[in-house]
Amino acid sequence: MQIGTMSGTFARDTLEEVLDAVANHGMNCVQFNLSSAGVTKIPTHIDEDLCDKIREEMGVRNITMTALGGTYNMIHPDAQRRADGVCNLRVLAAACERLGTSVITLCTGSRDPDNMWRRHPDNDTPEAWDDLVVSMRQAIEVAEEYQVTLAFEPEVANVVDSAIKARRIIDQIGSPYLKIVMDGANIFHTGELPRMREILDEAFALLGEHIAFAHAKDLDRDGEAGHLAAGKGLLDYDQYLSLLNNVDPDVPIILHGLSEAEVDGCVSFLREKIEAINT
């Protein structure tokens, strides 16, 4: 597996310094946020020269862009905010080829108007699901036009809060351009940790063929968990990584939910676990 991190893990003044930090910590892939290049995360315009510079600087350091961050709240209660998200997605999709990636990350969202990753009781309403379907179909039109993959993450605080719902939206949309970011720390509702192995097995059975890449973090409880750095919590990484390896031994796995000071320890932790699987 390829080990990487989110570019935002490293707070630096320049793109070059961010990428130097990634390389110096022994990683060769990133989930890239445009804020790391000094621009708005989802801008209304991306300069072609900037795209060329990002790709060139990554190439010099042998770093690949696993995905470009493109999250917006797909079920925001304000319909105009949802429409704006699709417009911005088009800007990102148009830049992907020049940037050197073919994957954009999405967030299925929450009815919370201020935080797309915060649970809201209206997430479970039929109206919220209907809005998600409309938003996702609009996003997939963009993806198909530019031939990019959209990868969303099942997350207990979002409208797609389980592997079952993730498979439901994949089947309902029916597009090869819709994939999954698998994160084993994000799929346990309150009271489900005792069934961890069963739930992980189910998630991979339902979603394994649709995984674009994976995340690596940890959790200290189920439900809306307090997230920890990989290897510092309750997630069964032996099982999680073994399941990922069965899907694709070369799948990128992106660290997040950690501080810069924790990066080296997490990279070493993942490498040891991956080596154990392959021996």
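**Figure 1. Cys107 and its closest cysteine sulfur.** The sulfur of Cys107 lies 18 Å from the closest cysteine sulfur, which belongs to Cys96, and that is too far for a bond. For a pair to count as a disulfide, the two cysteine sulfur atoms must be within 2.5 Å. In general, a disulfide is a covalent bond that joins the sulfur atoms of two cysteines. Cys107 is also buried, because its relative accessible area is 2%. Here buried means under 20% relative accessible area, exposed means over 50%, and partly exposed is in between (1.4 Å probe, protein chains only).

A word on what you are looking at: this is a predicted model, where local features need pLDDT of at least 70 and side-chain atom pairs count only at pLDDT 80 or more, while totals for chains, interfaces and linings use all residues. Residues are numbered from 1 along each chain as its sequence is written, and side-chain values use heavy atoms, with hydrogens and water left out.

**Figure 2. Cys29, a cysteine in no disulfide.** How many disulfides does the structure hold? The count is zero. Cys29 is in no disulfide, and its nearest cysteine sulfur, that of Cys266, is 14 Å away. With 0% relative accessibility, Cys29 counts as buried.

**Figure 3. Helix 4 against helix 5.** Helix 4 spans residues 126-146 and helix 5 spans residues 163-173; they pack at an angle of about 55°, with axes 11 Å apart. That angle makes helix 4 oblique to helix 5. Angles under 35 degrees count as roughly parallel, over 145 as roughly antiparallel, 65 to 115 as roughly perpendicular, and the rest as oblique. The axes are lines fitted to C-alpha atoms, for helices over the stretch in contact, and the angles run from 0 to 180 degrees between N-to-C directions. Helices (H or I, at least four residues) and strands (E, at least two) are DSSP runs, numbered from the N terminus.

Helix 4 passes helix 5 in a right-handed crossing. A crossing is right-handed if the near helix is turned clockwise from the far one by less than a right angle, and left-handed if anticlockwise. Look for Trp129, Leu132, Val133, Met136, Arg137 and Ile140 in helix 4, which meet Lys165, Arg168, Ile169, Gln172 and Ile173 in helix 5. By class, this contact of helix 4 with helix 5 has seven nonpolar, one polar and three charged residues. Ala, Val, Leu, Ile, Met, Phe, Trp, Tyr, Cys and Pro count as nonpolar, Asp, Glu, Lys and Arg as charged, and the others, Gly among them, as polar. Contact means heavy atoms within 4.5 Å.

**Figure 4. Helix 5 beside helix 6.** How is helix 5 placed relative to helix 6, which covers residues 196-207? The two pack at an angle of about 5°, with their axes 9 Å apart. Helix 5 is therefore roughly parallel to helix 6. On the helix 5 side, the contact is made by Ala163, Ile164, Ala166, Arg167 and Ile170; on the helix 6 side, by Glu202, Ala203, Leu206 and Leu207. The residues in this contact of helix 5 with helix 6 divide into seven nonpolar, no polar and two charged.

**Figure 5. Helix 6 beside helix 7.** The axes of helix 6 and helix 7 (residues 237-247) come within 10 Å and cross at roughly 15°. This makes helix 6 roughly parallel to helix 7. Helix 6 passes helix 7 in a right-handed crossing. Met196, Arg197, Leu200, Asp201 and Phe204 of helix 6 make the contact with Gln239, Tyr240, Leu243, Leu244 and Val247 of helix 7.

Figure 6. You can find Leu19 in helix 1, which runs over residues 15-24. Is Leu19 buried or exposed? At 0% relative accessibility, Leu19 counts as buried. Leaving aside neighbours within four places in sequence, Leu19 is in contact with Glu57, Met58, Arg61 and Ile63.

**Figure 7. Two loop residues with positive phi.** Most residues other than glycine have a negative phi. Asn62, in the loop between helix 2 (48-60) and strand 3 (64-73), has a phi near 55°, a positive value. Gln147, in the loop between helix 4 and strand 5 (149-152), also has a positive phi, near 55°. Asn62 counts as exposed at 62% relative accessibility, and Gln147 counts as exposed at 58%.
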